[in-house]
Amino acid sequence: MSDPVQAEREQMLVDTVVRSFDGAPDDRLKQVMQTVTRHVHAAARELRLTETEWNTMIDFLTRTGQTCTDTRQEFILLSDVLGLSMQVIGMNNPPVADATEATVFGPFFVDGAPAIQQGGDMSFGAAGEPCWVRGTVRGTDGRPVVGARIEVWEADEDGLYDVQYDDDRTAARAHLFSDDNGAFRFWGLTPTPYPIPHDGPVGSMLAAVGRSPMRASHLHFMVTADGYRRLVTHIFVDGDEIGWKDAVFGVKESLIKQFVRREGVPTPDGRAVSTWSEVTFDIVLAPSP
Ligand code: BEZ
Ligand code: FE
């Protein structure tokens with residue numbers, strides 16, 4: 001802003017709004033409101049935002065809210081594609097020794113997924129190539145974590161989670177517990193790339209800016225155990241076509257795993273399938289803060 005009088009007028013408004021929160025009884029709320037006010041005004045001033053643009057933005061946020069339902073959270077999706085979700089996850093899950101890194105939760109976790117035994121099949125008939133997933137759960141001290149609850153969920157080969165179908169199916173999700181050696185093994189599906197829901201305002205925004213809605217192929221995990229920090233993460237497929245172009249910036253080098261394709265080779269548990277893959281994921285949990 002080159003006109004110093006106008007710049008001062010703008011700054012006075014910002015200062016007045018910031019001061020309007022001074023009396024907030026909750027210090028943290030006051031800090032949040034004052035900081036957000038400063039940054040939002042700074043963006044508007046830097047952009048020299050027009051009234052038309054401001055109206056477009058309000059309309060976008062209105063449609064984002066209107067798109068939310070019990071099963072669709074468009075604001076989280078917006079946070080995801082802006083990288084804000086990953087930023088918050090990164091700040092709140094700082095690296096601890098060699099603990100497994102966290103990544104975005106996503107909107108498709110469902111509480112109460114069925115239990116499977118060790119070696120069980122979490123696909124429950126979902127379409128896709130079988131994948132043998134095995135690994136261990138340990139603490140940063142190297143000790144096995146016995147009885148860790150491992151929740152797993154993923155999209156089918158058509159790129160859809162069970163909850164995106166109109167029927168009430170439960171498929172490609174389950175939970176199991178690590179065994180007495182901290183080990184686990186189960187059948188899942190070889191992950192394939194899929195688009196985040198992009199038929200709403202967030203999808204329109206991505207299209208308008210020339211960004212893809214595709215997520216890198218992945219399998220979700222949430223691991224909980226007493227005395228350890230909850231781990232929400234995925235494993236990604238090495239060599240995946242989307243890879244680092246993941247729409248929600250969720251990929252981390254340490255989470256990229258080799259899914260080895262097997263053809264005509266016997267499966268570890270004698271299951272009769274001719275084409276399958278296998279992957280190893282050794283999980284390290286950070287201690288509870
Ligand atoms: C997912 O991986 O399920 C997901 C994550 C962020 C946005 C949409 C989907
Ligand atoms: Fe996902």
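This is a predicted model: local features need pLDDT of at least 70, side-chain atom pairs count only at pLDDT 80 or more; totals for chains, interfaces and linings use all residues.

Reader: What makes the arrangement around the iron ion (ligand 2) irregular?

Author: The six donor atoms subtend angles of 53 to 169 degrees at the iron ion (ligand 2). Six donors count as octahedral if opposite donors are over 155 degrees apart and all others lie between 65 and 115 degrees.

Reader: Which residues coordinate the iron ion (ligand 2), and at what distances?

Author: Tyr161 and Tyr194 each coordinate through OH, and His218 and His220 each through NE2, at 1.9 to 2.1 Å. Along the chain, the donors follow the spacing Y-x32-Y-x23-H-x1-H.

Reader: How do you know that Tyr161 and His218 link distant parts of the chain?

Author: Tyr161 and His218 are 57 residues apart. Tyr161 lies in the loop between β2 (149-153) and β3 (173-177), whereas His218 belongs to strand β7 (residues 218-224).

Reader: Why is α3 called oblique to α4?

Author: Helix α3 (residues 51-67) and helix α4 (residues 74-81) pack at an angle of about 125 degrees, and their axes are 7 Å apart. Roughly perpendicular covers 65 to 115 degrees and roughly antiparallel requires over 145 degrees, so an angle between those two classes is oblique. α3 is therefore oblique to α4. On the α3 side the contact is made by Phe60, Leu61, Thr64, Gly65 and Thr67, and on the α4 side by Glu74, Phe75 and Leu78. These residues comprise four nonpolar, three polar and one charged.

Reader: What makes α4 and α6 roughly parallel?

Author: The axes of α4 and helix α6 (residues 201-208) cross at roughly 30 degrees and come within 9 Å. Angles under 35 degrees count as roughly parallel, and the two helices are therefore described in that way. Glu74, Leu77, Leu78 and Val81 of α4 meet Pro201, Val202, Gly203, Met205 and Leu206 of α6. Seven of the contact residues are nonpolar, one is polar and one is charged.

Reader: Where do the domains lie, and what distance separates their centres?

Author: Domain 1 spans 4-49 and domain 2 spans 78-285. Their centres, taken over C-alpha atoms, are separated by 41 Å.

How values were computed:
Residues are numbered from 1 along each chain as its sequence is written. Chains are lettered from A and ligands numbered from 1 in the order in which they are written. Side-chain values use heavy atoms; hydrogens and water are left out. Domain bounds come from an automatic or database domain assignment. Axes are lines fitted to C-alpha atoms, for helices over the stretch in contact, and angles run from 0 to 180 degrees between N-to-C directions. Helices (H or I, at least four residues) and strands (E, at least two) are DSSP runs, numbered from the N terminus. Contact means heavy atoms within 4.5 Å. Ala, Val, Leu, Ile, Met, Phe, Trp, Tyr, Cys and Pro count as nonpolar, Asp, Glu, Lys and Arg as charged, and the others, Gly among them, as polar. Donors are N, O and S atoms within 2.8 Å of the metal (3.2 Å for Na, K and Ca); water is not among the atoms, so sites may look incomplete. Four donors count as tetrahedral if all angles lie between 85 and 135 degrees; four count as square planar and six as octahedral if opposite donors are over 155 degrees apart and all others between 65 and 115; anything else is irregular.
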